[in-house]
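User: I have a structure open and want a quick walk through its packing. Can you take my questions as they come?

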Amino acid sequence: MTPAPPAQTTEQERFAGQIRGMFDRIAGIYDPLNTAMTAGLHHRWRERAADRAELAPGDTALDACCGTGDLALELARRVGPAGTVIGSDFSDRMLELAREKAARRGATGVRFEWGDALDLSYEDRSFDAVSVGFGVRNFADVELGLRELARVLKPGGRLVILEITKPQRPPLSTFFGLWFDRIVPVLGTIAGDREAYTYLPESVKRFPPPEGLAAVMDRAGLEQVRYTVLAGGIIAIHSGVRATSPAG
């Protein structure tokens with residue numbers, strides 16, 4: 001059995017508590033602001049991330065940091081009524097909204113439960129796929145988090161990460177800086193939480209670029225790591241496969 005991850009440090013716990021409180025606060029405005037900031041394209045990006053998981057009817061999947069549930073519900077469409085999808089998040093308010101959304105849509109085979117992505121309660125080798133949509137950059141320890149996500153994958157299962165990234169070349173890099181550094185905080189102010197939407201551009205700046213995240217996935221023991229950059233360099237979808245060898 002893969003050894004349990006080390007306990008989080010006090011500093012990591014403090015960071016996690018701040019992030020949890022932030023998402024509890026913005027849960028009610030999360031969906032409309034996502035739509036405003038991406039012109040509705042975030043739905044298509046989640047569809048493409050779900051495609052990358054390569055799930056089949058009857059499979060099992062975990063969507064960590066599930067937020068209001070959109071990616072988990074997209075995965076549930078793919079596994080069908082015979083499959084199981086768990087949406088996991090440490091924000092109670094996000095989970096409440098995800099459950100309400102699933103009920104409105106009549107979704108089956110999906111459930112939402114509390115969980116910390118850096119210390120999951122699931123057994124080793126539990127899922128055919130694990131996904132994270134716009135959540136990895138909020139990990140207190142990205143290396144630890146990806147090892148933990150890989151731990152609960154079945155051999156041959158896929159980890160899929162959908163995340164914001166920073167374009168490197170103008171003119172999009174110039175527009176990105178203007179949009180995220182100035183306009184997004186204004187949208188947050190209008191919505192009632194400037195602090196949370198000031199944190200967003202800061203979290204993107206300190207997050208590894210696509211090739212850096214691919215390297216972290218490789219160190220976590222994933223194989224066949226690849227990534228696709230979308231929207232001119234603003235979005236990246238990474239995927240990797242848990243090794244099927246006994247050592248994996």
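User: Start with L62. Leaving aside neighbours within four places in sequence, what is L62 in contact with?
Analyst: L62 is in contact with I86, S88, L120, Y122, F127, A129, V130, S131 and V152. Contact means heavy atoms within 4.5 Å.

User: What kind of model is this?
Analyst: It is a predicted model: local features need pLDDT of at least 70, side-chain atom pairs count only at pLDDT 80 or more, and totals for chains, interfaces and linings use all residues. Residues are numbered from 1 along each chain as its sequence is written, and side-chain values use heavy atoms, with hydrogens and water left out.

User: Back to L62. Which strand is L62 in?
Analyst: L62 lies in strand β1, residues 60-64. Helices (H or I, at least four residues) and strands (E, at least two) are DSSP runs, numbered from the N terminus.

User: Is L62 buried or exposed?
Analyst: L62 counts as buried, at 0% relative accessibility. Buried means under 20% relative accessible area, exposed over 50%, and partly exposed in between (1.4 Å probe, protein chains only).

User: How far is the C-alpha of L62 from that of S126?
Analyst: The two C-alpha atoms are separated by 9.0 Å. Along the chain, L62 and S126 are 64 residues apart.

User: Now the whole protein. How many helices and strands?
Analyst: The protein has eight helices and seven strands. Of its 248 residues, 52% count as buried. Among contacts with a separation of 6 or more, 74% are between residues 24 or more positions apart.

User: How many residues are in the largest nonpolar core?
Analyst: The largest nonpolar core has 46 residues. V85, F112, Y197 and I235 have the most contacts inside it. A nonpolar core is a set of buried Ala, Val, Leu, Ile, Met, Phe, Trp, Tyr and Cys residues joined through side-chain atoms within 4.5 Å.

User: Which elements give two or more residues to this core?
Analyst: They are α1 (10-38), α2 (42-53), α3 (70-79), α4 (92-105), β3 (110-114), β5 (153-164), α7 (194-206) and β7 (235-242). The largest share, nine residues, comes from α1.

User: Switching to charges. How many salt bridges does the structure hold?
Analyst: The structure holds 15 salt bridges. Each is a side-chain nitrogen of Lys or Arg within 4 Å of a carboxyl oxygen of Asp or Glu.

User: What about K101 and D70?
Analyst: Their side chains meet in a salt bridge, 2.9 Å from N to O. The pair links distant parts of the chain: K101 is in helix α4 and D70 in helix α3, 31 residues apart. K101 is buried, with a relative accessible area of 5%. D70 is buried too, at 10%.

User: Which residues are linked with K101 and D70 in a network of salt bridges?
Analyst: D31 and R105 are linked with K101 and D70 in that network.

User: Now aromatics. How many aromatic pairs are found?
Analyst: A search of the whole structure finds two. The ring centres of F23 and Y30 are 6.4 Å apart and their planes are at 70°, so that pair is edge-to-face. Y122 and F127 also form an edge-to-face pair, 5.3 Å centre to centre with 90° between the planes. Rings of Phe, Tyr and Trp (its six-membered ring) pair if their centres lie within 6.5 Å; planes under 30 degrees apart count as stacked, over 60 as edge-to-face and the rest as tilted.

User: Are Y122 and F127 buried or exposed?
Analyst: Both Y122 and F127 are buried.

User: Last one. Which residues of helix α8 are buried?
Analyst: In α8 (residues 210-219), P210, L213, A214, V216 and M217 are buried. What covers them includes α5, β5, β6 (222-230) and β7.
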